[in-house]
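User: I have a structure to go through for class. Could we talk about it step by step?
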Amino acid sequence: MALFGKNKKDTDNSIDIRENLPAHVGIIMDGNGRWAKKRGLPRSAGHSAGAKTFRKITRYCSDIGIKYLTVYAFSTENWRRPDEEVNALMTLFKSYLEEALEDFKDDSIVVRFIGDKSQFNPALQKLMIENEESSKDRDGMVLNIAMNYGSRDEIVRAVKNICNDVQNGKISEASIDEKLVSDYLYTSGQPDPDLIIRPSGEYRISNFMLWQSAYTEFVIMNKLWPDFDKADLDEALNIFASRNRRYGGV
């Protein structure tokens, strides 16, 4: 059930989702730990189940014509979790990245990683680079996987790089505007997300794409991420299609 900003049009089956399809969708993949706890399983089991949902939803987004998909996989704050859980996640990421080299090839999906890769071990960094390099010439959906990502960290990084380029004469202070700042973010060259979906029922943005989401539509859904399916995505897209996006106008 969608909980955020629902209105009477949200269940109007006459809305053609395909004609109002967002170009860029962001997903905060939330609820893996709670899914496992409800079943008396370790949190790592929830992350494994969430990884399967990620594959399914990613391929579905590609199939229906989404151009950009950004998924929040591991935040800069997630390092604070217990060592056992973080280590299990790193093992899961390694397994996924090894599979991903072949997994999305037939779907023509371009894989990109946004966030600070330097904090991961060399084996994971190597796999990230291999995935990006092997997929860069594909012509399908761009999949941004946010790992060791935090939007405040991203903005601070952009500000530092802008200051450095001003000091080195590469750009002038007068040239700094919203577009230039966007060009210094991890998502440079991509459209801002039209829609961000958060499963699990939590009403937080959790440091995800703060700059890019200035005019993004949000849909919060009361469904833990491992249970999220294609029908839930369709519901979120239907809600998006019913919204009147005014961008501050009338």
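User: To start, is Cys61 buried or exposed?
Analyst: Cys61 is buried, with a relative accessible area of 1%. Buried means under 20% relative accessible area, exposed over 50%, and partly exposed in between, with a 1.4 Å probe and protein chains only. Please note that this is a predicted model, in which local features need pLDDT of at least 70 and side-chain atom pairs count only at pLDDT 80 or more, while totals for chains, interfaces and linings use all residues. Residues are numbered from 1 along each chain as its sequence is written, and side-chain values use heavy atoms, with hydrogens and water left out.

User: And Cys163, what does that one count as?
Analyst: Cys163 counts as partly exposed, at 41% relative accessibility.

User: How many disulfides does the structure hold?
Analyst: It holds zero disulfides, where a disulfide is a pair of cysteine sulfur atoms within 2.5 Å.

User: Let us move to the overall fold. How many helices and strands are there?
Analyst: The chain has seven helices and six strands. These are DSSP runs numbered from the N terminus: helices are H or I with at least four residues, and strands are E with at least two. In sequence order, the pattern is β-α-α-β-α-β-α-β-α-α-β-β-α. The radius of gyration is 19 Å, close to the 18 Å that the globule rule gives for 250 residues, so the chain is as compact as a globular protein of that length. That radius is taken over C-alpha atoms, and the rule is 2.2 Å times the number of residues to the power 0.38.

User: What does the C-alpha trace span?
Analyst: Along its principal axes, the trace spans about 55 × 50 × 35 Å. Of the 250 residues, 47% count as buried.

User: Which residues does Ile27 contact, apart from its neighbours in sequence?
Analyst: Leaving aside neighbours within four places in sequence, Ile27 is in contact with Ile57, Leu69, Thr70, Val71, Tyr72, Ile197, Pro199, Phe208 and Trp225. Contact means heavy atoms within 4.5 Å. Ile27 lies in strand S1, residues 24-28, and is buried, with a relative accessible area of 0%.

User: What about Asn207, where does it lie?
Analyst: Asn207 lies in the loop between S5 and S6. Its phi is positive, about 65°, although Asn207 is not a glycine. At 13% relative accessibility, Asn207 counts as buried.

User: Where is Asn238 found?
Analyst: Asn238 is found in helix H7, residues 230-242, and counts as buried at 12% relative accessibility.
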